[in-house]
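Please report on the fold of this protein.

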Amino acid sequence: MKLDSIITRKMGECYVCANTQVQYHHIIPGHAYRHKSDEYHIIVPLCLKHHNEAHQGKELDLTLRAVAQIKFEKKYSHEKWMEEFKIDYKERYEREFRK
Ligand SMILES: [Zn+2]
Ligand SMILES: [Zn+2]
């Protein structure tokens, strides 16, 4: 399978800081979504620092999920996202980080 990301074309650099030492992060966690994540390319290149941050449940984690959802919905639809991934991360992001 071609290594591809729904949220960036630059697979060789960290999505956050452009560091070129990257690992590929599955944006939606959980074994149940692993296959779907690969199918829809819901992955993102991150450097070690930002990869750790994404796994610590901080703002970056939710931001990546919301961005992935937005990109997915542009390509498919909101209904399809909800059908495949169940949770509306855009709505959750707005609720948590809106001032
Ligand atoms: Zn980084
Ligand atoms: Zn990861």
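## Lys80 and helix α4

Lys80 sits in helix α4, which covers residues 78-85. Helices here are DSSP runs of H or I with at least four residues, strands are DSSP runs of E with at least two, and both are numbered from the N terminus. Lys80 is partly exposed because 13 other C-beta atoms lie within 10 Å. The scale is simple: a residue is buried with 20 or more other C-beta atoms within 10 Å of its own, exposed with 12 or fewer, and partly exposed in between, with C-beta atoms placed from the backbone. From Lys80 to Cys14 the C-alpha separation is 28 Å, and the two are 66 residues apart along the chain.

## Basis of the model

The model is predicted; local features need pLDDT of at least 70, side-chain atom pairs count only at pLDDT 80 or more, and totals for chains, interfaces and linings use all residues. Residues are numbered from 1 along each chain as its sequence is written, while chains are lettered from A and ligands numbered from 1 in the order in which they are written.

## Overall fold

The protein has five helices and two strands. Along the sequence they follow the pattern β-α-β-α-α-α-α. The C-alpha trace spans about 40 × 35 × 25 Å along its principal axes. The radius of gyration is 13 Å, which agrees with the value near 13 Å for a compact globule of 99 residues. That radius is taken over C-alpha atoms, and the globule rule is 2.2 Å times the number of residues to the power 0.38.

Buried residues account for 24% of the 99 residues. Of the contacts between residues at least 6 apart in sequence, 58% join residues at least 24 apart. A contact requires C-beta atoms, placed from the backbone, within 7 Å.

## The strand pair

Strand β1 (residues 23-26) and strand β2 run antiparallel, joined by four bridges. Strands count as paired if DSSP finds at least two bridges between them. Tyr24 stands opposite Pro45 in β2.

Strand β2 covers residues 43-46. Ile43 and Pro45 point one way from it, Val44 and Leu46 the other way, and all are buried. Leu46 touches Cys14, Tyr15, Val16, Val22, Gln23, His25, His51 and Ala54, leaving out residues up to four places away in sequence.

The largest nonpolar core has 16 residues. Such a core is a set of buried Ala, Val, Leu, Ile, Met, Phe, Trp, Tyr and Cys residues joined through C-beta atoms within 7 Å. Those with the most contacts inside it are Ile27, Ile42, Val44, Leu46, Leu64 and Ala68. Strand β2 and helices α3 and α4 each supply at least two residues of this core.

Helix α3 runs through residues 59-75, 17 residues in total. From first C-alpha to last it reaches 25 Å, close to the 24 Å expected at 1.5 Å a residue. The expected span is 1.5 Å times one less than the number of residues. Its buried residues are Leu64, Arg65, Ala66, Ala68, Gln69 and Phe72. Their cover includes β2, α2 (48-54), α4 and α5 (89-97).

Gln69 of helix α3 is buried because 26 other C-beta atoms lie within 10 Å. Beyond neighbours within four places in sequence, Gln69 is in contact with Trp81, Tyr89 and Lys90.

## Positive phi and other sites

Most residues other than glycine have a negative phi. Ala18 has a positive phi of about 70°. Ala18 lies in the segment before β1 and counts as exposed, with 12 C-beta neighbours inside 10 Å. His41 also has a positive phi, near 60°. His41 is in the loop between α1 and β2 and is partly exposed, with 18 C-beta neighbours inside 10 Å.

His31 belongs to the loop between β1 and α1 (34-39). With 6 C-beta neighbours inside 10 Å, His31 is exposed. His31 and Arg92 are 22 Å apart, C-alpha to C-alpha, and 61 residues apart in sequence.

Lys49 lies in helix α2. Lys49 is partly exposed, with 13 other C-beta atoms within 10 Å. Lys49 and Cys14 are 35 residues apart in sequence and 9.7 Å apart in space, C-alpha to C-alpha.

How values were computed
Contact = placed C-beta atoms within 7 Å.
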